[in-house]
Amino acid sequence: MKKIVLSAVLLVVSALAQAAAPVAKIQAMLAKPEVLCGRFDQTKHLAGMKKPLASNGRFCVVAGKGILWRTLKPFPNTLRLTRDEIVHFQGERVAMRLEAKNEPVVRMINSVLFSLLGGDLAQLDKLFEVEGTADAASWQVALKAREPGLAKAIGAISLEGGAYVKNIVMNEASGDKTVIVFSAMQTGAAALTAEEAALF
């Protein structure tokens, strides 16, 4: 379950730039398409291990529906977040389903996620201390969770981007470090494959 929750947290932080200071300038820079898909390359550095773990795949954000995070290599698996649940697929089979009504952590993650998608910056400001800078074409953000429980799960987060988030670095309290780089962004309904659309 911890692995599922941490994966979900990574999805949440991909949009966290909207909480940045200066908020208005960064919000104006960010594109807000109804559908956004692209590639992610993730590298996880585990404390005590020399060789990092690398993975890559596709992600899709669909306004009003949720987020799909599809790892393709080294092992295929899919995570879908909606307002009410987090679902982990292995192939077409549901391997795990965490419902917000039963899992406080799911409720917290989804609250953050949908506050972002709905532009509810007041809610985000309750959860994170935010520092950020922006120039004409790019921005940088550092986030620190206010609550000890959230800080223990997430640690410190930094993001960089322009019209879209380009990369995320998450330093966990355990000493682990995760770096995610986003590329090949596509927008509009055509960005979704038929298989991805069916999962929503």
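**Grounds for the labels**

Modeller: Arg 80 and Glu 85 are both buried, where buried means under 20% relative accessible area, exposed over 50% and partly exposed in between, with a 1.4 Å probe and protein chains only. This is a predicted model, in which local features need pLDDT of at least 70 and side-chain atom pairs count only at pLDDT 80 or more, while totals for chains, interfaces and linings use all residues. Residues are numbered from 1 along each chain as its sequence is written, and side-chain values use heavy atoms, with hydrogens and water left out.

Colleague: What makes Arg 80 and Glu 85 a salt bridge?

Modeller: The term requires a side-chain nitrogen of Lys or Arg within 4 Å of a carboxyl oxygen of Asp or Glu. The closest N and O atoms of Arg 80 and Glu 85 are 3.1 Å apart, so the pair qualifies. Salt bridges with shared partners also join Arg 58, Arg 70, Glu 195 and Glu 196 into one network. The count by this rule is 7 salt bridges.

Colleague: Why is Arg 39 called partly exposed?

Modeller: Its relative accessibility is 36%, which lies between 20% and 50%, so Arg 39 is partly exposed. Asp 41, at 27%, falls in that class too. The side chains of Arg 39 and Asp 41 meet in a salt bridge at 2.7 Å, N to O.

Colleague: How do you know that Cys 37 and Cys 60 form a disulfide?

Modeller: A disulfide is a pair of cysteine sulfur atoms within 2.5 Å. For Cys 37 and Cys 60 the S to S distance is 2.2 Å, so the pair meets the rule. Cys 37 lies in strand β1 and Cys 60 in strand β2 (residues 53-62), 23 residues apart. The torsion about their S-S bond is about 115°, so the disulfide is right-handed. Cys 37 is buried at 0% relative accessibility, and Cys 60 at 1%.

Conventions
Helix = DSSP H or I, 4+ residues; strand = E, 2+ residues; numbered from the N terminus.
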